Structure formats: C-alpha cells, structure tokens
Amino acid sequence: MTDAIRAFAGDCTVETDDRTHRGRVLVLVKPDRTVLVHDAEGYQPVAWLTRADAVTVETDGSGFGLTARLDDRTLRVTADRIRRSVYPVTEAGVPVGTSPDSGGPLVRTGGAVVDVVDDARYPLVAGATVLDDPCPDCGLPRMRVDRGVTFEVCIDRDCDPLDDAVRERFDRAWTCPDCGSDLRIIRRRGRLLAGCDAYPDCETAFTVPAGVVVDDCPCGLPVFETATGQRCLDGTCDRWSA
C-alpha cells in the first residue's frame, strides 16, 4: 500500500511542552508519524515531533484535535475548523529507468531501486552500480557488482541471482586454510560467504568482499582489490602486504 502524507490547514493553536503558538498554519503528518507545523516564515517548522510513538486525530462538532506523543513529549494542535487532504507519497531518488511492469519511473534511493508507481522495491547489494542497459529477460535495469570478478546481473534477484553467478564462478575454487576442505559459496544470515564444505565439523567461513581477485595471499586464500585497498579473503589475515 502506498504511504501517504496527511495535511491539515487552518487557524490553529499549537501547544508543545514549553510554548504555545497560534496562527494559520499547515500541519503535516508523515508516514513515519513525524509531525511538522509550518507557518508563513522560513523553511523550518515552528513546532515538530519526530517519529512519534502515536498520533491521534479527533473531530467532532466542537472542532479538530491532533495529538502526537513521544516518550514524555507531547505536541497538540487544535482548531475550530480545519481543511484536510491526503497525498500519496513515495521515496524520491535518482532516476535509473522505467518499470517494464507499471511504466512508471524507477529511482535509486536508500540502497534500492524503487518503482514509484506500484512501490515495487529491488534491494541493491553493497557497491552495486545500476546500468543503463535493461535485463534481456524482464526489462528491469541490470547492475554491475564486484564479487571476486565483475558481474552484470539483473537488479531483481528472482530473475538473475547474483549468488548463482558467484557460485558458478567460485564454488570450490578455494581451500579452507583450517582443514583443507573446499570452500563453498553460500548465503547465511544475509551474508554471501565462502564457507567450509566440512561444516559443521569445521565452522570456517569468510564474507566475500566487494572487490575483485588480484593476487594470492601466502596463506593460500585470494587477495581482493576493494574500495579501501587490497585485503585477503580472511579479513583477519596479517600475512598479506601489498
């Protein structure tokens, strides 16, 4: 369901814990229950409460009341008459294409690509670059990701999973330094790992970093070139020096 901003406008009395305002103001209630009260001056609200625990709105024959509470703080807006509107809202981000399903714009924001028409959300992996060329299978944008080598896969993990591409390239490519078994490409607790095939007898596992393999470490594991420099697959290894 699309989130919405609720707007209330009128001649209001605005009470906080330490002061009272009166005037013709605009009250905005955001989807995260942040309440902002704007008057005619400046860009900063005259009163606000960020991510309130609860926001209640009361209307009856005697007027309008809005109460927002957060811990021991309270913001109260009252009026004899009020105008109200509801505006659907989405995340805003950098345009990266058009949705093949809804025809609406796709934007990159908050670590994901979002369809602003139907709210479909495609989480991006760390370090991903969204490409201009669409996926030949579903029409969504593809992304470029470094995980040992550079892969170009669809942003929809159900369409063209990055894990499958990494697994095809690096499954059993490296050896466990503790027991000599193969390292398998697995996902565990949200992380892409090179984990020992002898698990649970051997619990050795390494997070596959965002980078490309450029060398071999004296410990026998690969060395990755990452955004912060070169490092062994084993982030605790002290045997590699570039």
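## Basis of the description

Helices (H or I, at least four residues) and strands (E, at least two) are DSSP runs, numbered from the N terminus. The model is predicted: local features need pLDDT of at least 70, side-chain atom pairs count only at pLDDT 80 or more, and totals for chains, interfaces and linings use all residues. Residues are numbered from 1 along each chain as its sequence is written, and side-chain values use heavy atoms, with hydrogens and water left out.

## A three-stranded sheet

An open sheet is formed by three strands in the order β15-β16-β17, with antiparallel pairing; two strands pair if DSSP finds at least two bridges between them. At the edges are β15 (183–188) and β17 (205–207), each of which pairs on one side only. From one strand to the next, the twist averages 30 degrees.

Six bridges link β15 to strand β16 (residues 191–196) in the antiparallel sense. Within this pairing, L183 stands opposite C196 in β16.

## The helix across the sheet

Helix α1 (residues 162–170) lies across β15 and β16 and runs at about 165 degrees to β15. Axes are lines fitted to C-alpha atoms, for helices over the stretch in contact (heavy atoms within 4.5 Å), and angles run from 0 to 180 degrees between N-to-C directions.

## The annotated span

An unreviewed UniProt entry carries the annotation "domain: DNA topoisomerase type IA zn finger" for residues 175–205. UniProt positions are given in the numbering used here, feature names are shortened, and annotations may be inferred rather than shown by experiment. In the model, residues 175–205 are 0% helix and 42% strand, and the end C-alpha atoms of this span lie 11 Å apart.

## Backbone features in loops

Most residues other than glycine have a negative phi, and most peptide bonds are trans. A cis peptide bond joins Y199 and P200, with omega at about 10 degrees. P200 is found in the loop between β16 and β17.

Positive phi values occur at R51, near 50 degrees, and at R172, near 70 degrees; R51 is a residue other than glycine, as is R172. R51 has its place in the loop between β4 (47–49) and β5 (54–60), whereas R172 is found in the loop between α1 and β15. R51 counts as exposed because its relative accessibility is 54%, while R172 is partly exposed, with a relative accessible area of 40%. Here, buried means under 20% relative accessible area, exposed over 50%, and partly exposed in between (1.4 Å probe, protein chains only).
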